[in-house]
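Here is a short note for your review. Please read it alongside the model.

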Amino acid sequence: MTSENTILSFEDLEIQFTLRGQILKAIRGVSLDVQRGESLAIVGESGSGKSVFTKSCMGLLDANGSIAAGHIWYDGHDLSQYKTEKEWLSIRGREIAMVMQDPMTSLNPLKRIGDQIAEAVVLHQGLKGAAARAAAVGALRAVGIDEPERRYRQYPHEFSGGMRQRVVIAIAVACRPKILICDEPTTALDVTIQAQILELIKALQRKLDLTTIYITHDLGVVANVADRIAVMYAGDIVELGTCREVFYDPRHPYTWALLSSLPQLGIKGEDLYSIQGTPPNLFYEVQGDAFAPRNPQALNIDFVERPPFFEVSPTHKARTWLLDPRAPKVEPPVHIQELRRMGGVRHDG
């Protein structure tokens with residue numbers, strides 16, 4: 001239920017793409033409320049619909065993509081009804097900004113770093129000349145880049161990968177958006193730089209009172225930054241809960257599989273766990289639980305009827321028939337049982 005504290009609300013959202021005369025349903029009736037000031041992570045394999053879902057609230061869907069049904073509510077406006085670039089420019093960058101995963105595709109190699117930040121400030125804040133330059137220098141300083149006045153005049157190739165990602169973040173936050181979407185913000189970076197970038201985003205969230213949405217395929221990346229986690233599979237959210245609930249008391253078999261795939265949970269000398277099979281073809285109507293064909297513990301009903309959300313706690317729900325009172329008791333994999341013990345979680349079925 002949408003509350004006063006909800007800043008962004010997706011309601012029964014359906015997104016489809018037309019490819020060679022066929023319809024692909026990329027998002028299948030998803031509802032999700034994002035709370036003001038929270039850090040939400042949307043996790044799932046590549047192709048699960050994470051990026052498409054979040055791009056829909058910025059008008060960034062590809063030309064062959066469209067919102068087929070549902071609503072996206074922001075500040076009293078239904079963004080699903082926006083059609084023109086002029087309408088989207090009142091939201092994109094100004095209210096909701098995005099940090100892409102590869103800074104080299106986000107930055108123009110032929111333009112100075114400072115000019116690229118100033119461009120965003122001119123477009124969304126109406127500042128010009130010295131004022132725009134001062135705002136751009138301030139943004140560089142805010143993301144931890146030393147000697148921002150000198151760096152302002154440099155080009156992207158003069159920066160390391162981590163520094164370029166800081167510049168992309170500077171462009172995103174320069175206009176003081178309310179929501180910052182981070183699309184795999186650390187994928188192209190080594191582990192030590194990853195931690196620094198995540199820490200920077202956390203610091204900016206506190207300083208600028210941001211609501212942050214992380215998109216990632218790696219649950220391990222968001223363990224220390226997310227307040228809540230939404231697990232997405234085949235264009236649908238299958239589990240939603242606090243970070244602790246999803247890590248230490250996961251209930252959907254797909255969440256079990258994602259967590260079991262974490263290298264940190266591997267056992268020396270044994271092969272890493274991998275999810276068997278492939279996601280469903282979304283050109284066709286999905287029958288039942290989309291994960292059922294890859295789930296060794298699937299029930300017969302999983303292949304027939306889409307499960308509803310079952311409430312585990314007031315903050316935790318999962319779309320799996322295993323939570324139906326009539327379902328047989330199915331033990332989660334060994335890795336998940338170990339996580340529960342680590343988290344001190346009792347599981348009584």
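Is Cys57 buried or exposed? Cys57 is buried, at a relative accessible area of 1% (buried is under 20%, exposed over 50%, partly exposed in between; 1.4 Å probe, protein chains only).

1. Basis. This is a predicted model: local features need pLDDT of at least 70, side-chain atom pairs count only at pLDDT 80 or more, and totals for chains, interfaces and linings use all residues. Residues are numbered from 1 along each chain as its sequence is written, and side-chain values use heavy atoms, without hydrogens and water.

2. Cysteines. There are zero disulfides (a disulfide is a pair of cysteine sulfur atoms within 2.5 Å). For Cys57, the closest cysteine sulfur is in Cys182, 12 Å away, too far for a bond. Cys175 is buried too, at 6% relative accessibility. Its sulfur lies 16 Å from the closest cysteine sulfur, again in Cys182, and that is too far for a bond.

3. Sheet. Four strands form an open sheet in the order E2-E1-E4-E5, with antiparallel pairing (strands are DSSP E runs of at least two residues, numbered from the N terminus; two pair if DSSP finds at least two bridges between them). E2 (22–35) and E5 (77–78) are at the edges with a single partner strand each, so one side of each has no neighbour in the sheet. E1 (residues 6–19) and E4 (residues 65–74) are joined by eight bridges. Glu11 has His71 in E4 as its bridge partner.

4. Helices. H4 (residues 113–125) packs against H7 (residues 161–173) at about 25°, axes 8 Å apart (helices are DSSP H or I runs of at least four residues; axes are lines fitted to C-alpha atoms over the stretch in contact, with angles from 0 to 180 degrees between N-to-C directions). H4 is therefore roughly parallel to H7 (under 35 degrees).

Conventions. Parallel < 35°, antiparallel > 145°, perpendicular 65-115°, else oblique.
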